[in-house]
Amino acid sequence: MFYATQVLSNFSVTLYRIRETHLSNPMAVSTNYLRIPVLNLVFRNKPTSHITRMTCCCSVEAKSVGVGGDLFSVTSSSKSDVDYLGESTKGDLNLKQEHLQAFGIDSQTTLEGPIEQVARVEAEEAENLLRDLGIPSPSSSRHSPRGIFCSRTLNLRSISAIGYDMDYTLMHYNVMAWEGRAYDYCMENLKNMGYPVDGLAFDPDLVIRGLVIDKESGNLVKADRFGYVKRAMHGTKMLSTRAVSEMYGRELVDLRKESRWEFLNTLFSVSEAVAYMQMVDRLDDGAISAELGPLDYKGLYKAVGRALFRAHVEGQLKSEIMSKPELFVEPDPELPLALLDQKEAGKKILLITNSDYHYTDKMMQHSFNRFLPNDMGWRDLFDIVIVSARKPEFFQMSHPMYEVVTGEGLMRPCFKACTGGLYSGGSAQMVENSLDIHGDEILYVGDHIYTDVSQSKVHLRWRTALICRELEEEYSALIRSRGRRASLIELINQKEVVGDLFNQLRLALQRRTRERPAQTLAATSMDDQELTESMQKLLIVMQRLDEKIAPMLEADGELFNKRWGFLSRAGLWDKSHLMRQIEKYADIYTSRVSNFLHYTPFMYFRSQEQTLAHDAYSQHDPQLYGNIIDN
């Protein structure tokens with residue numbers, strides 16, 4: 001039997017040294033020791049009747065399936081079941097019965113005391129050990145801007161393959177640089193088409209992801225989870241609350257009506273939206289020449305779209321980025337290591353991008369190669385690479401697949417993807433068939449809610465993860481807004497109490513005019529002057545509160561964006577339409593792929609409790625609540 005103190009001490013020293021070396025120079029650490037799993041089980045030492053901790057430390061071989069093979073077995077697909085949360089047990093690690101028997105251990109009877117007590121002690125010791133080892137626990141990671149947030153329970157152990165988008169997923173562009181240049185090319189094309197663009201400049205704060213363009217009205221709107229418009233901008237001018245109510249009070253945003261509504265799914269939408277809203281101002285001012293023909297807001301949107309499309313198709317934008325990637329890409333040294341962990345855990349790693357081969361190869365070399373250990377290249381991370389994938393059609397239908405066979409990008413037709421291969425086109429079903437992995441065994445990670453996340457889930461039932469870099473800024477803004485939001489909520493609660501009394505007095509007055517008794521004897525006994533004076537005073541208080549609350553509500557979220565407020569919220573309490581889309585289609589969401597490094601490839605993500613309107617009972621006096629139950 002191992003001695004706990006000696007083993008844990010050795011483990012701590014080793015891990016600390018690895019951690020320090022890894023942080024200072026990731027290249028210096030062998031890939032075999034990037035993660036060291038620890039198994040801690042409490043057993044009864046039969047001769048002494050004392051509890052002894054048996055600790056087993058195992059190095060992780062890059063492609064080994066039999067880590068600790070004498071001790072553990074991994075649940076295969078054929079022998080997997082579902083747990084009490086409905087998640088597959090595939091990939092779970094189990095203690096081999098023969099190993100337990102060799103030590104004279106009965107797994108059903110050797111725990112000292114009730115499991116509730118044992119679990120409480122183990123959980124406390126696990127937290128202490130994690131802290132001593134300098135490893136953040138998953139619970140602490142959740143409460144940070146770099147957390148991974150779970151909408152639907154996801155067991156990473158049951159995932160056999162993880163696919164990644166590239167742009168704004170595996171690499172993050174500087175929005176001001178990338179979208180700014182896209183905007184410049186778009187405006188240059190519009191100018192060549194005869195549109196007045198002089199004096200206009202790129203303003204990334206004009207829009208945020210998750211807004212919706214109303215192509216019929218030339219408006220940009222923010223809707224709540226139900227589709228009700230909460231804020232709106234015509235051209236570059238914000239509309240008043242009254243104007244929003246008059247224009248959208250009787251209709252909902254319906255993204256299925258693509259002829260009218262355009263959802264800003266990704267940061268790639270920023271340049272297009274900014275250009276369009278600025279051109280709406282020019283159209284309203286009569287600055288657009290009549291020679292361009294009769295033009296409405298919908299036609300103007302098409303013109304802007306064509307101009308931006310030309311910027312992408314003609315290749316000038318991507319050629320500029322490829323020549324100086326350091327000006328456009330924000331490096332993330334941790335990201336390649338997160339994928340390396342997943343690969344060494346036995347996951348098939350896939351790259352599925354709409355970008356072409358030459359752009360993908362250049363950008364991935366720049367973003368990955370310098371951060372990988374042991375002279376690895378970015379291609380070594382991926383089991384299958386697919387470029388020019390034509391998403392969302394990649395998930396919806398079948399297209400021919402071609403193998404890229406030369407560095408110049410020459411291709412030949414093929415019908416099946418092989419490990420280590422580089423391909424163009426094809427379909428998700430071809431990937432599934434090639435890997436013999438299907439449906440919820442595949443996790444796809446991307447930044448585009450529709451192209452990446454919703455379509456892979458709707459058509460194939462893949463598990464999904466959304467990358468939304470703005471979460472980090474929003475999280476910080478929410479923290480800084482706590483005091484202001486608490487004050488606002490206090491004022492709203494005060495108005496509610498005052499309003500409740502006012503409404504009761506109003507009802508008492510109404511009954512009195514009909515010569516009916518009020519709700520209570522005390523209310524009936526109030527004289528007319530006392531009743532009306534009380535109502536007058538309460539009405540003045542509510543009016544003054546409204547004057548205080550209204551501008552505070554308008555300013556809520558301005559620490560994130562002065563025009564639109566928070567990304568995930570529409571109003572003080574409700575969720576935005578964007579957040580509803582995320583919750584519906586993304587099983588997990590986070591700000592960047594490298595956040596997986598703060599967890600493990602074996603993480604079991606559990607969704608949090610979803611509050612309902614009637615959950616307010618939890619705020620009641622427990623004694624009162626107990627009386628209700630007793631009665």
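This is a predicted model: local features need pLDDT of at least 70, side-chain atom pairs count only at pLDDT 80 or more; totals for chains, interfaces and linings use all residues.
Q: How many cavities of 30 Å³ or more does a search of the whole structure find?
A: The search finds three.

Q: Which residues line the second largest cavity?
A: A338, D341, Q342, F596, L597, Y599, T600 and P601 line it. By class, five are nonpolar, two polar and one charged.

Q: How many aromatic pairs does a search of the whole structure find?
A: It finds 16.

Q: Why is the pair of Y173 and F268 called tilted?
A: The ring centres of Y173 and F268 are 6.3 Å apart, and the limit for a pair is 6.5 Å. Their planes stand at 50°. Stacked needs under 30 degrees and edge-to-face over 60, so the rest count as tilted. The pair of Y173 and F268 is therefore tilted.

Q: Which parts of the chain does the pair of Y173 and F268 link?
A: Y173 is in strand 8 (residues 172-173). F268 is in the loop between strand 13 (261-263) and helix 7 (269-284). The two are 95 residues apart. Ring pairs also link Y168, Y173, W178 and F268 into a cluster.

Q: Is Y173 buried or exposed?
A: Buried means under 20% relative accessible area. Y173 has 0%, so Y173 counts as buried. F268, at 26%, counts as partly exposed.

Q: Why is the pair of F395 and Y444 called edge-to-face?
A: The centres of F395 and Y444 are 5.4 Å apart and the planes stand at 70°. Edge-to-face needs over 60 degrees, so this pair is edge-to-face. F395 lies in helix 12 (residues 393-396) and Y444 in strand 20 (residues 442-446), so the pair ties together parts 49 residues apart in sequence. F395 is buried at 4%, and Y444 is buried at 0%.

Q: How do you know that the charged end of K318 sits over the ring of Y359?
A: The distance limit is 6 Å from the ring centre, with a limit of 35 degrees from the ring normal. The charged end of K318 sits over the ring of Y359, 4.6 Å from its centre. R606 lies over the face of Y604, at 4.2 Å from the ring centre.

Conventions:
Residues are numbered from 1 along each chain as its sequence is written. Side-chain values use heavy atoms; hydrogens and water are left out. Rings of Phe, Tyr and Trp (its six-membered ring) pair if their centres lie within 6.5 Å; planes under 30 degrees apart count as stacked, over 60 as edge-to-face and the rest as tilted. Helices (H or I, at least four residues) and strands (E, at least two) are DSSP runs, numbered from the N terminus. Buried means under 20% relative accessible area, exposed over 50%, partly exposed in between (1.4 Å probe, protein chains only). On a 1 Å grid over the protein atoms alone, a cavity is a set of points where a 1.4 Å probe fits but cannot get out, and a pocket is an open set with protein on both sides within 12 Å along at least five of seven lines; lining residues have an atom within 4 Å of a point. Grid points are joined across faces, edges and corners, and a volume is the space filled by probe spheres set on the points. Ala, Val, Leu, Ile, Met, Phe, Trp, Tyr, Cys and Pro count as nonpolar, Asp, Glu, Lys and Arg as charged, and the others, Gly among them, as polar.
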